[in-house]
Amino acid sequence: MIAQLLARGLIAGLVAGLLAFGIARVFGEPQVNLAIAFEEASEAAAPHEHAHDHDHVAGAQETEGQSAAPAGHSHGEEALVSRDTQAGLGLFVGVMVYATAVGGLFALAFAFCYGRVGALSARPLAALLALGAFIAFCVVPAIKYPPNPPAVGVGETIAWRTELHFILLFFTLVLIGLAAWLRGRLAASLGGWNAGIVAVAALVVAIGIVTALLPAVNEVPDDFSATLLWRFRMTAMGIQLGLWSVIGLVFGALAAPVVGERRRAAARAVFG
Amino acid sequence: MTDAAYSTGALPAIEPVSIPLKALLPWAIFAGLVFVLAIYFVGVEEGALSLISGTSVHEFVHDGRHLLGFPCH
Ligand SMILES: [Zn+2]
């Protein structure tokens, strides 16, 4: 049964990946290209001063010769991979690999939660898990460490920023798990609905504390277009929204027969 | 209102049966590792950490990395 669920998770991920790629290609690439144009223009204007006016709290010290990109990272003519490949095949492969992998992880999470999160049947459980994943992978990061286009971000702080990104993700996932557990504990005394309200309120407070404690990162150049930044981030959120909606809904439909819910539905059709 | 309300039907809802952890664990470990590694290559490789020398993986998945919200640059 686990292998079957896993295969369906990968399928749901592939389907979701196609939609995510479509959004990224149509709405994301124009923003990426504008950001790269900004990056190249400001590098040409001030090759060694670009990105010096960021103001992150801790982390990288101002080093000489700092540029917006880590060593060897370039987008222009001298780039290792052409822009066409980055925006086409590279984007496709990256998004598809990511979507398929999160689809697989989603199936594992579903396999663990099924029968353990109240009496939720496959479809609502998958939808709820996808909502949780969307909050953990998109909403909470968007509050604290939002997605950035090229030209935003200092190469020297990449390790620190990556660390923070995954620390926040880890805490969010743990807290969502704890909130689900809390809801289960309270359901008997408060009833399912009220227990859910208490659990979600506790989750919001806990995530608020975690995001307040983690250091802030602001590496947006002063002269970077606010409109471009906004559009890029909205697109990135749209990609995640599409991705998790499709994974949750497609996986739920595919998983229901695997866990034996088809027979119940068929019986209902006969007797109901 | 309880969770059972989600699975209302003409027949009384059948409790979903959980998958034993013993059966789940090996899958979670081995498949989970493969998936995490795949996400790592899209999101992190040749950025904060590097398993393969050079920057070709980073450059190839570069746009996806930005648009999927991973830290880059
Ligand atoms: Zn980049």
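Colleague: Are Arg83(A) and Asp63(B) buried or exposed?

Modeller: Arg83(A) is buried and Asp63(B) is too, where buried stands for under 20% relative accessible area, exposed for over 50% and partly exposed for the range in between (1.4 Å probe, protein chains only). Before going further: this is a predicted model, in which local features need pLDDT of at least 70 and side-chain atom pairs count only at pLDDT 80 or more, while totals for chains, interfaces and linings use all residues. Residues are numbered from 1 along each chain as its sequence is written, chains are lettered from A and ligands numbered from 1 in the order in which they are written, and side-chain values rest on heavy atoms, leaving out hydrogens and water.

Now for the charges. Searching the whole structure turns up three salt bridges over all chains, a salt bridge being a side-chain nitrogen of Lys or Arg within 4 Å of a carboxyl oxygen of Asp or Glu. One pairs the side chains of Glu29(A) and Arg83(A), at 3.3 Å from N to O. Glu29(A) sits in helix α1 of chain A and Arg83(A) in helix α2 of chain A, so this pair ties together parts that are 54 residues apart in sequence. (Helices are DSSP runs of H or I with at least four residues, strands are E runs of at least two, and numbering goes from the N terminus.) Both Glu29(A) and Arg83(A) are buried.

Your pair crosses between chains, going from Arg83(A) in helix α2 of chain A to Asp63(B) in helix α3 of chain B. The closest N and O atoms of Arg83(A) and Asp63(B) are 2.9 Å apart.

The other bridge is within chain A: the side chains of Arg161(A) and Glu219(A) meet at 3.1 Å, N to O. Arg161(A) belongs to helix α4 of chain A and Glu219(A) to the loop between α5 and α6 of chain A, so here the parts tied together are 58 residues apart in sequence. Arg161(A) and Glu219(A) are both buried as well. Through shared partners, Glu29(A), Arg83(A) and Asp63(B) end up in one network of salt bridges.

Stepping back to the interface, 78 residues of chain A and 48 residues of chain B take part in the contact, contact being heavy atoms within 4.5 Å. About 5100 Å² is buried between chain A and chain B, with carbon and sulfur atoms giving 72% of it; buried area is the accessible area (1.4 Å probe) that two parts lose on being put together, summed over both. Between chain A and chain B the count is one salt bridge, along with seven residue pairs in polar contact, both residues at pLDDT 80 or more. A polar contact here is a pair of N or O atoms within 3.5 Å; within protein, one must be able to donate a hydrogen and the other to accept it, and residues adjacent in sequence count only if both atoms are side-chain atoms.

On the chain A side, the elements giving two or more residues are α1 (2-45), α2 (83-113), α4 (158-190), α5 (192-213), α6 (226-258) and α7 (261-271) of chain A. The largest share, 19 residues, comes from α2(A). By class, that side has 47 nonpolar, 23 polar and eight charged residues, with Ala, Val, Leu, Ile, Met, Phe, Trp, Tyr, Cys and Pro taken as nonpolar, Asp, Glu, Lys and Arg as charged, and the others, Gly among them, as polar.

Another spot worth a look is Ile2(A), in helix α1 of chain A. Ile2(A) is buried at 7% relative accessible area. Leaving aside neighbours within four places in sequence, Ile2(A) is in contact with Ile19(B), Ala23(B), Leu24(B) and Trp27(B).
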